[in-house]
Amino acid sequence: MTSPIRTERHDDVLVIISDNPPVNALGAAVRQGLDAAIRQGVADDGVAAMVIRCDGRTFFAGADITEFGKPMQEPGLPTVVDMIEASAKPVVAAIHGTALGGGCEVALSCHYRVAVPSAKLGVPEVKLGLLPGAGGTQRLPRVAGLKLALEMTATGNPISAKRAQEAGLVDRIVGEDSLEADAVAFAREIAAVRPIPRASERSVAADPAVVEAFTRENAKRFRGFDAPAANIACVVKATEVPFAEGIQFERAEFMKLMMGNQSAAQRHIFFAERQAAKIDDVPADTQLRAIKRVGVIGAGTMGGGISMNFLSAGIPVTIVEMQQDALDRGTGVMRRNYEASAAKGRMKPEQVEAAMGALTPTLDLTALADCDLVIEAVYESMDVKKEIFGKLDGICKPGAILASNTSYLDIDEIAASTSRPQDVVGMHFFSPANVMKLLEVVRGAKTAPDVLATVMALAKKIGKVAVVAGVTYGFIGNRMLMPRQVEANKLLMEGATPEQIDRVHVAFGMPMGPFQMSDLAGVDIGWHRDPTRIENIRDALAAEGRWGQKKQAGFYDYDEKRNPSPSARVAEIIEDFRKKSGSTVREISDEEIVERTLYTMVNEGALILEEGKAQRASDVDVVWIYGYG
Ligand code: 3HC
C-alpha cells in the first residue's frame with residue numbers, strides 16, 4: 001500500500017505532504033509516514049527546515065476516530081508530536097481548512113504555524129467526550145494563554161486564523177492561494193533562528209480567578225458532561241507543574257474518558273449524525289435540483305425562523321402572509337433577532353442588512369412563481385394546507401419543490417391535492433427554527449429521489465442535521481413524545497406531581513420535563529377550544545386560561561421573569577380529577593417515573609423502526625439529540 005505521506009524538496013526546504021481523504025485524519029499510515037518523513041528531513045544535510053501541509057480540503061482534522069476503542073498501532077500520536085517538536089531542524093505547519101484535534105496538536109508541536117485566512121483551528125475533542133490527548137492541553141495554554149486554552153478545549157469551538165494570530169497561535173497569515181510557496185518562503189526566513197521555539201519549553205502562569213470565572217459562566221452548558229471538567233483540569237495543570245508531569249496527567253485523564261460511557265455515546269452520535277445524511281435507496285451522486293430562491297408561506301414564529309436559515313446562508317427568500325400587519329410583525333421579529341445576534345457580536349451590522357435585504361415580503365401568493373423551493377408554514381389544519389398546495393400547484397414553476405412544515409399531518413394527503421406529488425416533501429423544523437439543528441425530512445409515498453436528495457443537501461448548507469422520516473402521525477420525534485405524555489398524565493393521577501416528573505426527566509439528562517415542555521410550547525396547543533368540555537387535566541387548565549408561560553400560568557405559576565413555582569391551583573385540579581376517577585393515590589418512586597415514561601418512548605422508537613418510518617436506529621438518536629436536546 002502506498003503511504004498517504006509524500007515529500008518534495010524545494011531546495012533546502014523539505015515539504016511533507018499528507019494525502020488522506022476526505023479530511024486527512026491521523027490514522028496509523030499517516031502517523032508512520034510523518035514519523036519517517038521527519039526522520040528523513042533531520043538526517044538529510046541538505047535540508048535546513050521542513051513544512052508540513054495537507055492535500056485536499058483540509059489540514060489534519062484530527063485523530064482517526066474509527067481507530068478509537070481498537071488496539072493502537074505504533075507510533076501513537078503523542079509519540080509523533082513529541083518527535084516533531086524534538087526535531088533539530090525547524091518545522092512549519094502550513095494550515096488550510098480545519099486544523100482540528102490531533103491536527104491542531106500536530107500544528108502545536110511544529111515550531112511555527114502559518115495559515116490561510118479562511119483556516120480554522122480548534123480542539124473539538126470535548127464534543128466526543130474527550131480531551132486533546134496528544135499534548136494539546138499542555139501545549140495550547142503555553143502558546144495561546146490560559147483563557148483561550150480553557151475556552152477552546154472546554155467548549156470545543158474552533159477559532160479563526162485571525163484570532164489565532166492575535167493569540168500567538170499562528171505566526172503568519174499567508175495567501176489563500178499560495179499556502180505552499182508562502183510556507184516554504186517563511187521556512188527559509190526562520191531556518192537559521194536558534195534556539196528553535198518549542199511549546200513544551202514555554203510556561204504559562206496560573207490564574208485561579210480566570211478559571212473560576214470561566215467555570216461559573218459555563219456551568220449550565222457543561223451540565224451532565226464529564227469531559228469539560230477534565231479539559232479544564234488538564235489546562236489548569238499546565239499552569240502548575242512541569243510539562244512532562246502535565247502530559248502524564250493529560251494521558252491519565254484521556255484514558256479515563258476514552259474508556260467511559262459518555263465518550264462512547266458521543267462518538268456514536270458523531271457517526272450517527274453523518275450516517276443520517278445517507279438515504280438507503282438514493283445514490284449519493286443523484287443530480288440535485290438548483291435552489292436559488294426559497295419561498296415561505298406564513299410569517300409567524302415558524303415561518304420567520306425558517307426564513308432566517310436561508311437568509312443567513314445567502315439564499316434569497318420571498319415570504320408571504322395574508323395580512324399586512326402580520327407580515328410587518330413577522331419581518332420585524334426577524335430583524336430584531338438578527339440585531340440581537342449582532343449586539344452579541346455574532347454578526348456584523350452589514351450582515352444583518354445583507355440578510356434582511358435578501359428578504360422579499362409580500363401578500364401575493366403568485367410572487368412564489370419563481371421560487372425553486374416553497375415551504376408552507378401555516379397552522380396545523382389539513383384543509384388549509386390542502387387549499388394552499390392546490391393553489392401552489394397552479395402558481396409554482398415546473399420542478400419547484402413544494403414542502404410542508406407540518407409537525408404531524410399526512411404528507412401524502414397534502415401531496416394528493418397537487419398534480420405533482422413527486423415534488424412534495426415534508427420539512428419539519430423545530431422551534432425556534434433559526435436555532436434548533438434538527439430537520440425531519442418527511443418522505444411521501446411519491447416523493448422523487450432527487451427531491452429528497454436536494455432537501456438533504458440543502459439542510460446541510462443551512463447548518464441543519466437532517467433525518468429522513470416516513471409518513472406517520474408526528475413523524476419520529478413527536479410520535480415518541482405522545483406515549484410519554486400519556487404515561488406522565490397517568491402518573492399524575494396515581495400520585496406523582498408535575499414537579500416530580502419534570503425533576504426526574506431533568507436529572508435523567510433532558511433539558512426539561514413533559515410539563516415544563518407543555519408550558520413552554522403552550523398548554524392550549526391542539527386544545528378543542530371549548531371551555532365547557534373538560535375531560536382531562538389539560539382541558540381544565542386550558543379552560544381557566546392557564547395556557548403556559550405566555551400567560552404566566554400553566555402547570556406552573558410564573559413570575560414576570562418566567563421563573564416557575566409549583567401551583568396550588570394545579571394541585572387542586574389534579575386532586576379533583578383523582579377523586580372523580582376514584583384512583584388510589586400512592587407514593588411514586590423516581591425510578592418508576594423513569595421506567596414508565598422513558599421505556600414507553602423506547603418502545604415507540606422500536607415500533608417506528610419496525611414500520612420502516614425511520615431508516616435506522618441511530619437516526620432516532622439523532623432526532624432526540626438535535627430536536628429535543
Ligand atoms: N476520523 C475519522 N473520520 C472522520 C473524522 C475523523 N477525525 N472526521 C471526519 N471524518 C469522516 C466523516 O465520518 C465523514 O465520513 P463519511 O463521508 O463516510 O460519512 C467524512 O470524514 C467527512 O466528514 P464530514 O461529513 O463531517 O465533512 P465536513 O466537511 O462537513 O466537516 C470536519 C469536516 C469539520 C473535519 C468534520 O468532519 C469534523 O468536525 N470532524 C471531526 C473533527 C474532530 O472531532 N477531531 C478530533 C478528533 S479526536 C482527536 O483528535 C484525539 C486526539 O486529541 C488524540
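## A one-turn pair in helix α6

Glutamate 166 and lysine 162 sit 4 residues apart in helix α6 (residues 161-166), a spacing of about one helical turn. In this predicted model, the two side chains form a salt bridge, with 3.5 Å between the closest N and O atoms. Both ends are out in the open: glutamate 166 is exposed at 60% relative accessibility, and lysine 162 is exposed at 57%.

## Bridges across the sequence

Now for a pair that reaches further along the chain. Arginine 188 and aspartate 12 meet through their side chains in a salt bridge, at 3.0 Å from N to O. Arginine 188 belongs to helix α7 (residues 179-190), while aspartate 12 is in the loop between β1 (5-10) and β2 (13-18), so this contact ties together parts 176 residues apart in sequence. Arginine 188 is partly exposed, at 37% relative accessibility, and aspartate 12 is partly exposed too, at 27%.

Then there's aspartate 423, which pairs with arginine 289 in a salt bridge whose closest N and O atoms are 2.9 Å apart. Here it's loop to loop: aspartate 423 lies between α17 (411-415) and β15 (424-429), and arginine 289 between α12 (261-276) and β10 (294-297), so the pair links parts 134 residues apart in sequence.

## The wider picture

Across the whole structure, a search turns up 46 salt bridges. Some join into a network, whose members are Glu487, Lys490, Glu494, Arg586, Glu592 and Arg596.

Note on methods
Residues numbered from 1 in each chain as written. Predicted model: local features only at pLDDT ≥ 70, side-chain atom pairs only at ≥ 80, totals over all residues. Heavy atoms only, no water. Salt bridge = Lys/Arg side-chain N within 4 Å of Asp/Glu carboxyl O. Helix = DSSP H or I, 4+ residues; strand = E, 2+ residues; numbered from the N terminus. Buried < 20%, exposed > 50% of the residue type's maximum accessible area, 1.4 Å probe, protein only.
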